[in-house]
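Here is a protein model to look at together.

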Amino acid sequence: MSIGLLIFVFVLAIFLGVELISKVPSQLHTPLMSGTNAISGITIVGALTATGTGADLLGNILGTAALIFATVNVVGGYLVTNRMLAMFKLRGKEKK
Amino acid sequence: MTDYSQTLIDLGYIVASILFIVGIKMLGRPERARRGNLVSALGMLIAIVAVLFECCIDFTWVISGLVIGSLIGLIAARTVKMTSMPQMVALLNGFGGIASFLVGWENYHSQPDSTLFVRVAVLLAVLIGGVAFSGSLVAYGKLAGKISGRPILIGGHRWLTIGILAALMICSALLIYFPPGPLLYVVFVLFMALSLALGVFGVIPIGGADMPVVIALLNSYSGLAACAAGFIILNNVLIVAGSLVGASGLILTGIMCKAMNRSLGNVLFSGFKAVSSTAATTTVQGEPKSITPEDAYYILEAARSVVIVPGYGMAVAQAQHAVRELGEILENNGAEVRYAIHPVAGRMPGHMNVLLAEANVLYEQLAEMDDVNPIMETVDVCIVIGANDVVNPAAREIESSPIYGMPVINADKARTVLILKRSMAAGFAGVENPLFVKENSRMLFGDAKATVQQLVAEFKES
């Protein structure tokens, strides 16, 4: 893939991100942060590409360590966010 | 691999990117937030399945990594207490950063003959990922109370930071211009160490009350680090997802800064000034009026409208359940009860909302600062629980105050203000609070949870 195209995607995605989240009610600040934090675990794709392809033992260890950290970020991030949002939802239902 | 299957894999990445975009959009709306999180989790799953088709020669490393990581994540997410949520989010954020850091290192280690573009991306992933990791660990330590929440200043801190930045620039110039070799590997290791040091020295001088800004900013960094990792492996899904997170983190950082009426630069570097400015602060004249829970009961018993302002002290005392009980009793007593939440109350964005949600406080009772300030004059009693700077009238009245200009909840305009506080100690950065000595203020000293429970007991006895 050409470098220019990658940078093009990067700039567009930044603009999209800014447009996407302009106004967030304050009760969602924590879930938004923790939910986007889980998305930043997308580096797991990079870790998977790096894992098991290393030049030597250290390369493999680095890749696997990256994979473990990224997986904790993804799994933990989504579960924690879900737990938090479940509390918010519960209240909405109670009131109705 | 045929072109056909590569197209399918790319389609998988596109679908994943779309699901992330939709998921983030839904996360910003209360009624759809939970589904939004699931949508983005589905996107993540698709991205992982797609990459498994094109990566991975040796699956033993892959499977063991995925299993170990999932188990740790699962157990941590299940067992963490809601009161520990700020440090949990900080820690997970740090893990994302270190993962990108390691992806960069692995690439440099295993593919030393990469192009100039990839080498720049490696340096960015290591730098941003390293700062996100070590910065998040320091933030974790501060939030978990393992290191002091006050700004920590080391002699010559500013020069040390400038020195680290200069060394980073020299190292990166060397690493970009010269092809990798054994000697340059040493420079690379130094670059990694300096990146980690930068995160530590960047966060350690920032006080606990500014943590909402720092956490939001570090969140943004871990996204940008993932983005840099995307440039290393030339993968669009990392770039899209990473920059979405980077942008949303920056917006949240902006919201937090605005809520404190401070610039980002001021938050990041004011630790340098905090020490000198405290000495110049004038002491507030007057004596605070301390009362017993029994006196407070009579005040609350007669109140028809009550506004509760929670702060970090409520989180420390873990008083949210007791507070909700008090709120219910007051409602049954015929009072209208609202909770006024300042955007930067607590230690992370939305901290108070999460705690009160855990205690089952009704969503409709939570009011934002701008909604509650206009009606403050009609409120009989305002109960301030472990909050200080966010209700400080000096921000409106005293121009020389360090927090002058910060939007605050006008607790002092209520007919009576009950302040639950451990002691008369000043809040963050030693700013005196004239609210405590105002004519209509009454102090209830002691642990917030114990005091609220005493109030609840007074109501039950009568």
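Let's start where the two chains meet: the contact takes 77 residues from chain A and 99 residues from chain B. Keep in mind that this is a predicted model. On the side of chain A that touches chain B, the elements giving two or more residues are helix H1 (3-20), helix H2 (29-39), H3 and helix H4 (57-95) of chain A. Which of them gives the most? That would be H4(A), with 34 residues.

In general, two packed helices are described by the angle between their axes and the distance between the axes. Take helix H3 (residues 43-50) of chain A and helix H4 (residues 85-110) of chain B: their axes come within 9 Å and cross at roughly 30°. The crossing of H3(A) and H4(B) is left-handed. Which residues make the contact? From H3(A) you'll find A:Thr43, A:Gly46, A:Ala47 and A:Ala50, and from H4(B) there are B:Gly96, B:Ala99, B:Ser100, B:Val103, B:Glu106 and B:Asn107. Sort the residues of this contact of H3(A) with H4(B) by type and you get four nonpolar, five polar and one charged.

Next, step back and take in chain B as a whole. Its secondary structure comes to 18 helices and six strands. The radius of gyration of chain B is 25 Å, close to the 23 Å from the globule rule for 462 residues, so chain B is as compact as a globular protein of that length. Its C-alpha trace spans about 80 × 50 × 35 Å along the principal axes. Of the 462 residues of chain B, 53% count as buried. And if you take the contacts in chain B with a separation of 6 or more, 79% of them are between residues 24 or more positions apart.

So what do the strands of chain B do? Six strands form an open sheet, in the order S3-S2-S1-S4-S5-S6, and the pairing is parallel. The edge strands are S3 and strand S6 (441-445) of chain B, each pairing on one side only. On average, neighbouring strands of this sheet are turned by 25° against each other, direction ignored.

Here are some of the strand pairs, with their bridges:

| Strand pair in chain B | Sense | Bridges |
|---|---|---|
| S1 (residues 305-310) and S2 | parallel | four bridges |
| S2 and S3 (residues 366-368) | parallel | three bridges |
| S4 (residues 381-385) and S5 (residues 416-421) | parallel | five bridges |

B:Val306 has B:Val337 in S2(B) as its bridge partner. B:Tyr339 stands opposite B:Leu366 in S3(B). Further along the sheet, B:Ile385 has B:Leu420 in S5(B) as its bridge partner. Helix H15 (residues 351-358) of chain B packs on the sheet and touches S1, S2 and S3 of chain B, with its direction making about 145° with that of S2(B).

One last stop: is strand S2 (residues 336-341) of chain B enclosed or open? Five of its six residues are buried, so S2(B) is largely enclosed by the rest of the structure.

Methods:
Residues are numbered from 1 along each chain as its sequence is written. Chains are lettered from A and ligands numbered from 1 in the order in which they are written. This is a predicted model: local features need pLDDT of at least 70, side-chain atom pairs count only at pLDDT 80 or more; totals for chains, interfaces and linings use all residues. The radius of gyration is taken over C-alpha atoms; the globule rule is 2.2 Å times the number of residues to the power 0.38. A residue is buried if 20 or more other C-beta atoms lie within 10 Å of its own, exposed if 12 or fewer, and partly exposed in between; C-beta atoms are placed from the backbone. Two residues are in contact if their C-beta atoms, placed from the backbone, lie within 7 Å. Axes are lines fitted to C-alpha atoms, for helices over the stretch in contact, and angles run from 0 to 180 degrees between N-to-C directions. A crossing is left-handed if the near helix is turned anticlockwise from the far one by less than a right angle, and right-handed if clockwise. Ala, Val, Leu, Ile, Met, Phe, Trp, Tyr, Cys and Pro count as nonpolar, Asp, Glu, Lys and Arg as charged, and the others, Gly among them, as polar. Two strands pair if DSSP finds at least two bridges between them.
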